[in-house]
Amino acid sequence: MPKMGYNNYHMDIHTNIPLKNYTTMKLGGPARFMTEVRTSEEVAEVYRNAKTQKLPIFVIGGGSNVIAKDEGFSGIIVRMRIPGFEIVADDINSTTIKVGAGEEWDSVVKRAVDMRLSGIEAMSAIPGTAGATPIQNVGAYGQEIADTLQSVEAYDSREDRLVTLTNDDCRFAYRHSIFRDESIGRYVITSITLKLSKNLPTPPFYDALQKYLDENNIQIFTQEIIRNAVIAIRSTKLPDPQISPNTGSFFKNTIVENWQLDALRAINPDIPLFEMGDGRYKVPAGWLIEQTGLKGQLLHGMRVYDKNALVLINESATSYNDLLAARDEIIGQVRDKFRIQIEQEPLTI
Ligand code: EPU
């Protein structure tokens with residue numbers, strides 16, 4: 001097993017590692033090299049070495065929002081393992097925590113909830129690591145990471161230095177940030193800093209959450225009660241990746257402009273439209289897929305989940321190409337019916 005490093009760092013580099021073992025979709029060919037990082041210095045070191053050897057790098061956390069191709073990756077896959085959970089500020093209304101990028105996200109949520117802090121409790125039971133949450137601006141049940149994130153620390157591979165990016169610098173939008181757009185591949189997030197509130201969660205809650213609370217006669221809202229409610233709802237709509245390989249929502253919800261509404265309502269007057277507050281509307285991609293009749297169907301070994309059409313489960317697919325065929329079939333059918341182009345949500349390695 002080759003080593004690389006200088007000073008006191010010596011990282012193990014593994015070769016020819018099947019990516020299907022490191023992605024929750026359980027697909028993908030070999031990574032030429034794979035290593036783990038536990039400090040920001042190690043991140044910098046891997047990048048310097050990769051630059052010398054002209055190797056591309058891709059950083060993964062839990063592998064729950066990435067998919068890998070059959071040809072694999074002919075560079076270095078870096079598994080983010082930087083630990084840490086510390087209180088960096090505290091006042092009468094809030095507590096600010098700094099979390100290592102490699103921490104398991106749900107354990108961070110649980111710790112915050114146990115400390116009676118609000119702001120991320122609705123993002124319970126989301127698989128993956130803390131450092132991955134800003135990349136696609138992870139969100140669920142009315143909260144998104146952009147709401148509480150103060151800053152991230154990152155290794156800037158272009159400038160070869162550690163930087164702090166503010167919330168504004170990240171340019172968050174729905175399932176979007178600079179990290180998956182103009183700066184893709186440039187920064188490696190090493191920690192995230194979240195400012196959480198000491199207040200109890202307050203309504204109005206996200207529709208599906210409110211419905212659950214009503215149905216269960218819950219009228220007192222603590223962080224723990226909201227967390228438990230979200231865990232219960234998610235378990236009915238999102239398959240456990242440990243049991244059924246998947247990446248959560250496989251498609252993003254579509255954003256449409258005001259002028260498109262009439263044409264869409266002409267196709268189906270019942271089309272659900274959620275106002276975004278900026279004159280645009282979010283159309284649930286799960287609903288669009290359901291309308292094509294594909295919900296519950298098996299396409300090229302990929303199951304369109306019968307409880308949530310936004311989720312694709314790898315039931316018997318043997319290759320990334322199977323997934324691509326299923327994806328394109330779904331995108332095509334939605335396009336044919338609604339003239340809407342739905343987009344893949346997970347990143348491709
Ligand atoms: N819907 C259907 N059919 C379906 C699925 C959904 O008609 O098969 C309709 C629902 O009836 C509802 C609307 O679509 O009116 C929205 O559904 P839901 O509230 O369940 O949320 P979603 O749009 O399916 C999004 C996120 C989830 C997040 C939930 C809850 C995206 C791409 N997905 O799903 O995030 O947990 O809201 O906030 O924005 C993820 O990104 O991986 C993810 C799981």
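Reader: Which residues is Gln-143 in contact with, leaving aside its neighbours within four places in sequence?

Author: In this predicted model, Gln-143 is in contact with Gly-119, Ile-120, Glu-121, Ala-122, Met-123 and Val-138, its neighbours within four places being left aside. Gln-143 lies in strand 11, residues 143-144.

Reader: Why is Gln-143 called buried?

Author: Its relative accessibility is 14%. Buried means under 20%, so Gln-143 counts as buried.

Reader: Which residues have the most contacts inside the largest nonpolar core?

Author: They are Trp-105, Ile-120, Ile-192, Leu-194 and Leu-209, in a core of 41 residues. Helix 5 (207-215) and helix 6 (223-237) are among the elements that each supply at least two residues of this core. A second, separate core has 33 residues, including Phe-250 and Phe-338.

Reader: Why are helix 5 and helix 6 called roughly perpendicular?

Author: Their axes cross at roughly 105° and come within 10 Å. Angles of 65 to 115 degrees count as roughly perpendicular, and therefore the label applies to helix 5 and helix 6.

Reader: Which residues meet there, and of what class are they?

Author: Ala-208, Leu-209, Tyr-212 and Leu-213 in helix 5 meet Ile-226, Ala-229, Val-230, Ala-232 and Ile-233 in helix 6. By class, this contact has nine nonpolar, no polar and no charged residues.

Note on methods. Residues are numbered from 1 along each chain as its sequence is written. This is a predicted model: local features need pLDDT of at least 70, side-chain atom pairs count only at pLDDT 80 or more; totals for chains, interfaces and linings use all residues. Side-chain values use heavy atoms; hydrogens and water are left out. Helices (H or I, at least four residues) and strands (E, at least two) are DSSP runs, numbered from the N terminus. Buried means under 20% relative accessible area, exposed over 50%, partly exposed in between (1.4 Å probe, protein chains only). Contact means heavy atoms within 4.5 Å. A nonpolar core is a set of buried Ala, Val, Leu, Ile, Met, Phe, Trp, Tyr and Cys residues joined through side-chain atoms within 4.5 Å. Axes are lines fitted to C-alpha atoms, for helices over the stretch in contact, and angles run from 0 to 180 degrees between N-to-C directions. Angles under 35 degrees count as roughly parallel, over 145 as roughly antiparallel, 65 to 115 as roughly perpendicular and the rest as oblique. Ala, Val, Leu, Ile, Met, Phe, Trp, Tyr, Cys and Pro count as nonpolar, Asp, Glu, Lys and Arg as charged, and the others, Gly among them, as polar.
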